[in-house]
Amino acid sequence: MQEQDKSNIYIIAHDMGTSSDKAVLIDFNGRIAASSKQDYPTYYPYPAWVEQIPSDYWNAVCAASKKLIGDNAVDPAAVKGVIFSTQSMGLIPVDDKGNTLYNNITWVDGRAEKQAQSLMKKLGGKKLFSLVAGTPIMGKDVVAKIQWIKEERPDVYNHTKYFLDVNGYLKFKCTGKCVAELSGASSYGLDLKKKTWLPALKLIGIDLNRLPPLVKSTDVVGGLLPDAAKAMGLLADTPVFGGSDDVQSAAIGSGMSSDGDVHIYLGTSAWVCASSEDKTKFKNGAAAIQSADPNMNLIVGITEAAGSNIQWLCDQFFKREQDEQGENIYRYMDDIIETVPPGSDYLVCTPWMLGERCPVSSTTTRATLYNINTEHTRNHLMRAVYEGIAYNLRWILENFYNDYGFKSENFRIIGGGALDKAWMQIIADVTGKEFSVIENPRNAGALGAAITALIGLGEVKSFKDARDFVAVVEQYRPNRKNKEIYDELFASYKDIYYGLKKAYQKVNSKRFGN
């Protein structure tokens, strides 16, 4: 195929985030040609419950896809594949006809702490469970939520044919086939060596027959069904690939998918991710999961609230300025950050608005504003929020070195947060690390998904070639003048967690149904 031809044929990659679907049109050279975004709502029916309606995902996919095709006058015949990169750890029960029986219990939902503790007791407690399963579980883990449905909604459980994640649900809507892709399956329980459902799941009462057949990220699951193709503005039989969860596609799209490579994602949530050929242990809240590359694993530490904290700050304390500045509000906030000294005059804010997974695992801990006095202003609060997320990332990077030996030198940052230069410099100063930002950091997940599809089509030889599609555009280095203050406050940051851990358990355990 000639080079010119490759610029006129495409993959549509759907990046299904926490709050929206971004459909991205990517040509066979890896160039991002266009994108279209559709939002969907999130529901919070009770404390610690976080749900979304599966049909909202599908409606967003159809609307974004049609708009992408229509607005850019793309011939549907030029689209050679559809692939999804999705939020992980979704739980969508469907019956034998594929009808959804319950809302998606999302990855940030923490309703199943009681079930998590009960399941671990079945195997002799937390320590023995960890030896068998590789890690303890908490109320946000999928297997605990399956048990919650079994106990609290037997009417749903008894009619469930399969439990699907978000990616699996969308592949079903496209092809009529219920499958689970390996990387997504690893957040349920996957044997990373044998690439099968983890046998230990049976020991805690999980019915493996309710978990769908497994496929690889590069597999063609099927072609678009006629009704699905019409709804998306595409041709019937367009190939639909296995795809992957968002962390896995981002690792590919960041160009950091070789052994020891590290990238950080900053969006609504955040994560630190290291690619590895052989690491399989779960430590200090970090999980070992399957990469989109079947020959690689990922070590991932997820922090549940990052950009969402910045949005909260903006909505609650800068509402008037937000109305005045519009899209320039974050640039305005960056200018204010620069007026506050590093360390925010000893004001520390922990970012745990939704509890936390890593560097600490807790469904009861919440955000804390520490050491406030009459000299502090909202400007101090703003910088402290940005710094708090950076402290959290530093803690994860520190654990990655101590637990796995990852040096995290010259890592890359992706996601919308990577465009915030003031925040990037704060992260460089707090972590004491050099790192780079790639071109189009918001679309790294979509690019990684498209590369996966191109491998499935035989257009790209292997995942190792992904680096050729990624360009670095910014480099950040720490200001050594700020090292002393950030070292001091980072130690205080960890003290805050350990000092308040029991207090948060006491005040929030009953409130969150634990």
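Visitor: How many salt bridges are there by the rule?
Guide: This is a predicted model. The count for it comes to 25 salt bridges.

Visitor: What makes Lys6 and Glu459 a salt bridge?
Guide: The cut-off is 4 Å between a side-chain nitrogen of Lys or Arg and a carboxyl oxygen of Asp or Glu. For Lys6 and Glu459 the N to O distance is 3.9 Å. That is within 4 Å, so the pair is called a salt bridge.

Visitor: Which parts does this pair tie together?
Guide: Lys6 sits in helix 1, residues 3-6. Glu459 sits in the loop between helix 17 (444-457) and strand 24 (472-476). The pair therefore ties together parts that are 453 residues apart in sequence.

Visitor: Why is Lys6 called buried?
Guide: Buried means under 20% relative accessible area. Lys6 has 18%, so Lys6 counts as buried. Glu459 has 29% and counts as partly exposed, because that value falls between 20% and 50%.

Visitor: What is the salt-bridge partner of Arg31?
Guide: Arg31 pairs with Asp27, with the closest N and O atoms 3.0 Å apart. Asp27 is buried at 1%. Arg31 is partly exposed at 43%.

Visitor: How do you know that Arg320 and Glu324 are separated by about one helical turn?
Guide: They are four residues apart in helix 13, residues 319-325. An α-helix has 3.6 residues a turn, so residues three or four places apart point the same way. Arg320 and Glu324 also form a salt bridge, at 3.2 Å. Arg320 has a relative accessible area of 53%, over 50%, so Arg320 is exposed. Glu324 is exposed too, with 53%. Elsewhere, salt bridges that share partners join Lys140, Asp141, Glu304 and Arg357 into one network.

Visitor: Why is helix 17 said to be largely enclosed by the rest of the structure?
Guide: Of its 14 residues, 12 are buried, so helix 17 is largely enclosed. Among the buried ones are Ala444, Leu447, Ile451 and Ile455.

Visitor: How does the reach of helix 17 compare with the expected value?
Guide: Helix 17 reaches 20 Å from its first C-alpha to its last. At 1.5 Å a residue, 20 Å is expected, and the reach is close to that. Gly458 follows helix 17, with a positive phi near 85°.

Visitor: What makes strand 18 and strand 24 edge strands?
Guide: Their open sheet has seven strands in the order 18-19-17-16-22-23-24, with mixed pairing. Strand 18 (287-290) and strand 24 each pair on one side only. The twist averages 30° from one strand to the next.

Visitor: How do you know that strand 22 and strand 23 pair?
Guide: Pairing needs at least two bridges. Strand 22 (residues 411-414) and strand 23 (residues 435-438) have three, in the parallel sense, so they pair.

Visitor: Which strands does helix 15 lie across?
Guide: Helix 15 (residues 378-404) lies across strand 16, strand 17, strand 19 and strand 22. Helix 15 runs at about 20° to strand 17.

Visitor: Which residues touch the most other members of the largest nonpolar core?
Guide: They are Leu266, Ile413, Met424, Ile427 and Phe435, in a core of 129 residues. Helix 15 gives the largest share of this core, 14 residues. A second, separate core has 36 residues, including Trp58 and Phe84.

Definitions and conventions:
Residues numbered from 1 in each chain as written. Predicted model: local features only at pLDDT ≥ 70, side-chain atom pairs only at ≥ 80, totals over all residues. Heavy atoms only, no water. Helix = DSSP H or I, 4+ residues; strand = E, 2+ residues; numbered from the N terminus. Buried < 20%, exposed > 50% of the residue type's maximum accessible area, 1.4 Å probe, protein only. Expected span 1.5 Å × (residues − 1). Axes fitted to C-alpha atoms, helices over the stretch in contact; angles between N-to-C directions. Contact = heavy atoms within 4.5 Å. Core = buried A, V, L, I, M, F, W, Y, C linked by side-chain atoms within 4.5 Å.
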